[in-house]
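Open the model in your viewer and get ready to select some pieces.

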Amino acid sequence: MSETMKQDQVWDIAVIGGGAAGLAAAALAARSGKSVVVLEKAPSLGGRSASRRGNGAVWNLGAHALYRGGAAERVLARLNVSAPGGSPGPLVHWVPGKGETVSTPGLLLGRTLNGVEKRRFLRFYLGLRKLDPHSATGVNWNDWMASNGLSGRAADVASALARLSTYVGDNDRLDAGVVLRQLRRSVVYPHGGWQTIVDGLAARAAEAGAVCRTSANVTGAERAGETGGGWAILLSDGERIRAGNVIAAVEPALVARWFGTWLPTSYEAALRRQTPVYASTLDLHLRRLPQRNRLFALGLDRPLYFSVHSHWSRLCDDPEHAVVHVMRYDGERKDDPEASRGELERFLDRLQPGWRELTERARYLPHVTVMHGLPDAGMRGVEGRPAVDTGIGGVYVAGDWAGPEGILFEASLASAEEAARLAVQNRTAERS
Ligand SMILES: Cc1cc2nc3c(=O)[nH]c(=O)nc-3n(C[C@H](O)[C@H](O)[C@H](O)COP(=O)(O)OP(=O)(O)OC[C@H]3O[C@@H](n4cnc5c(N)ncnc54)[C@H](O)[C@@H]3O)c2cc1C
């Protein structure tokens with residue numbers, strides 16, 4: 001137990017989960033003068049935003065790009081966390097199931113697309129800024145493409161871009177409004193990996209006085225009853241943490257499990273409707289890149305991604321070395337892990353032949369959860385996600401499945417900001 005904690009302490013706010021959402025919520029709430037404790041199950045902070053350092057290179061958990069100009073930048077700026085880095089260039093290689101890989105100029109000038117497909121794709125792509133995401137909300141990506149003249153290879157290219165910016169490959173569910181918003185955005189790969197963001201958030205939380213406890217595995221919650229100590233959070237070692245307010249920055253299934261007894265039925269149903277989106281990732285540290293001119297590629301027929309992140313951001317001590325992320329967008333499915341790995345390796349064989357002999361380290365992770373809430377057209381994209389306020393007094397949620405703003409990391413930070421605001425407001429009201 002930390003020196004700053006007393007056995008019978010009642011915290012203003014207990015944050016469950018020390019990922020980016022939990023850390024951002026903790027930092028913001030503690031800045032408002034509230035006593036805050038973060039309870040994180042893992043031995044270290046950061047959750048899915050954490051990177052791994054070793055052998056002179058940094059890896060994120062799979063490919064990670066920070067979207068600019070939205071909630072993530074807003075919250076990071078509020079907390080004075082900077083994440084400088086580089087942005088990937090426009091030169092994409094397109095990899096068809098059969099036949100030659102083509103660059104973007106080759107795609108637009110060669111025979112991969114016929115004349116009509118080229119014109120329609122260019123009209124869509126060059127007109128992106130004029131398209132109205134709001135009117136596309138509630139329409140699935142397949143239907144939107146069909147009603148905007150995108151078919152055949154033009155639809156394959158547009159779908160690869162939609163997948164790239166949302167991580168969702170199920171065009172029958174993916175909300176077109178979300179796609180149109182995401183496709184306008186630029187991204188940055190932070191220097192030092194996403195750990196730079198995690199370290200910044202953890203530092204701001206600590207500076208503001210929040211106490212972060214790692215290896216603190218929450219197993220449930222109980223109403224504590226007495227005035228000012230609304231909740232008891234139960235840990236697996238039997239400890240009970242008392243807090244007036246709770247921010248659950250964990251997956252929706254855990255919120256339903258721990259707070260189901262008190263949740264409004266409609267809210268619990270919204271939690272259960274959230275669909276996780278998976279990816280299988282092969283992260284590589286190479287001593288050298290066999291093909292220096294191939295830095296970014298997307299599959300045309302298969303949901304595959306390849307990027308040399310270290311080309312744009314500082315991730316390797318040795319400038320000759322490269323950090324490469326290869327990924328398959330698995331959607332809602334969990335296929336055979338070995339088959340997925342084989343597909344990723346064959347993809348890499350086509351782009352970077354000889355990579356095996358140059359591998360310093362490799363990590364394959366099948367079916368990691370990219371986000372807990374697929375932006376489903378049937379739920380009007382992000383509009384249908386569970387609210388940050390659960391409807392139980394003093395219990396709020398944050399994560400990439402909560403609240404009506406952004407997707408992925410951006411949704412986590414936007415909901416964290418709102419959860420901190422509501423918890424601080426509620427605690428202040430309880431005390432006055
Ligand atoms: C392969 C991959 C690629 C991605 N690419 C991008 C990208 O390009 N751009 C982007 O914006 N986002 C991307 N993301 C998504 C982004 O990483 C997440 O949205 C973000 O990290 C989620 O943060 P979070 O704090 O909401 O959740 P998490 O990071 O999952 O944090 C939840 C925390 O709660 C803890 N916890 C769970 N159970 C308990 C318990 N019982 N007790 C205590 N603690 C508990 C967990 O250990 C974890 O630390 C990607 C994710 C993956 C996996």
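Select helix 1, residues 20–31; helices here are DSSP runs of H or I with at least four residues, and strands are runs of E with at least two, numbered from the N terminus. Helix 1 has 12 residues and reaches 16 Å from its first C-alpha to its last, close to the 16 Å expected at 1.5 Å a residue (1.5 Å times one less than its number of residues). This is a predicted model, where local features need pLDDT of at least 70, side-chain atom pairs count only at pLDDT 80 or more, and totals for chains, interfaces and linings use all residues. Residues are numbered from 1 along each chain as its sequence is written.

Is helix 1 enclosed or open? Of its 12 residues, 11 are buried, so helix 1 is largely enclosed by the rest of the structure. A residue is buried if 20 or more other C-beta atoms, placed from the backbone, lie within 10 Å of its own.

Now show what covers those buried residues: strand 1 (10–16), strand 2 (36–39) and helix 9 (195–207) are among the elements there.

Next, select helix 13, residues 408–431. Helix 1 packs against helix 13 at an angle of about 35°, with axes 8 Å apart; axes are lines fitted to C-alpha atoms over the stretch in contact, and angles run from 0 to 180 degrees between N-to-C directions. From helix 1, the residues in contact (C-beta atoms, placed from the backbone, within 7 Å) include A20, A24 and L28. On helix 13, look for F409, A416 and V424, among others.

Methods: Two residues are in contact if their C-beta atoms, placed from the backbone, lie within 7 Å.
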